[in-house]
Amino acid sequence: LAACLPDVTQLLLSVLAVSLLGAMEEDIYGEKTVQNAEVLAVVCGISLVVNLSFLVCCNVLNLMFQSGSSDSSFTAGIPLGYIGFSLILTLIARSLSSGRDLKKDHDLFI
């Protein structure tokens, strides 16, 4: 489960990113685009925390239950691809939200 969870959440984030791209095709600074970007940023943050905390819990439990064995080796798999993907999506989503605010300010002066 610990190995599959990052892949499943990455699939969910990809679906949300495609939804964001569809909204961007209509209007890049529209209300729907900003709402999709905010949802994507929130889901990225939550999924990152959940995945990494689950991974840490699994490793700690593995260490606790295998400590009686004198011949054990442990590996901690860190899903760097998933972490990078989530951070990039979060940055893009936040950039779209702040870009809309800048566009509103620019339109206000014109």
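This is a predicted model: local features need pLDDT of at least 70, side-chain atom pairs count only at pLDDT 80 or more; totals for chains, interfaces and linings use all residues.
Good morning. The buried residues of helix α2 pack against α1 (5–26) and α3 (80–109), where buried means under 20% relative accessible area, exposed over 50%, and partly exposed in between, with a 1.4 Å probe and protein chains only. Helices here are DSSP runs of H or I with at least four residues, strands are runs of E with at least two, and both are numbered from the N terminus.

Residues are numbered from 1 along each chain as its sequence is written, and side-chain values use heavy atoms, with hydrogens and water left out.

Let me turn to the overall form. The secondary structure comes to three helices and zero strands, and from the N terminus the elements run α-α-α. The C-alpha atoms fill a box of roughly 75 × 25 × 15 Å, taken along the principal axes. The radius of gyration, taken over C-alpha atoms, is compared with a globule rule of 2.2 Å times the number of residues to the power 0.38. A compact globule of 110 residues would come near 13 Å, but this protein has 19 Å. Of the 110 residues, 25% are buried. Among contacts with a separation of 6 or more, 75% are between residues 24 or more positions apart.

Next, the helices themselves. The expected span of a helix is 1.5 Å times one less than its number of residues. Helix α3 has 30 residues and reaches 43 Å from its first C-alpha to its last, close to the expected 44 Å.

Which residues of α2 are buried? They are Thr33, Val34, Asn36, Ala37, Leu40, Ala41, Cys44, Ser47, Leu48, Asn51 and Leu55. An α-helix has 3.6 residues a turn, so residues three or four places apart point the same way. In α3, the buried residues are Tyr82, Ile83, Ser86, Leu89, Ala93, Leu96, Ser97, Gly99 and Arg100, and what covers them includes α1 and α2.

I now come to the core. A nonpolar core is a set of buried Ala, Val, Leu, Ile, Met, Phe, Trp, Tyr and Cys residues joined through side-chain atoms within 4.5 Å. The largest one has 13 residues, and those with the most contacts inside it are Leu13, Leu40 and Leu89. Each of α1, α2 and α3 supplies at least two residues of this core. Leaving aside neighbours within four places in sequence, Leu40 is in contact with Leu13, Leu16, Ala17, Leu20, Leu89 and Ala93.

Several individual positions deserve attention. Asn51 is found in helix α2 and counts as buried because its relative accessibility is 5%. A polar contact is a pair of N or O atoms within 3.5 Å; within protein, one must be able to donate a hydrogen and the other to accept it, and residues adjacent in sequence count only if both atoms are side-chain atoms. Such a contact, of 2.9 Å, joins the side chains of Asn51 and Thr9.

Tyr82, in helix α3, is buried, with a relative accessible area of 3%. Not counting residues up to four places away in sequence, Tyr82 touches Pro6, Thr9, Gln10, Leu13, Ser47, Leu48 and Asn51. Pro6 has its place in helix α1 and is buried at 9% relative accessible area. With neighbours within four places in sequence left aside, Pro6 is in contact with Asn51, Pro79 and Tyr82.

Thr33 lies in helix α2 and counts as buried at 1% relative accessibility. Its contacts, leaving aside neighbours within four places in sequence, are Leu20, Ala23, Met24, Asp27, Ile28 and Leu96.

Finally, how many salt bridges are there? A salt bridge is a side-chain nitrogen of Lys or Arg within 4 Å of a carboxyl oxygen of Asp or Glu, and by this rule the count comes to one. The side chains of Glu26 and Lys32 form it, at 3.8 Å from N to O. Glu26 counts as exposed, at 59% relative accessibility, whereas Lys32 counts as partly exposed, at 47%. Thank you for your attention.

Methods:
Contact means heavy atoms within 4.5 Å.
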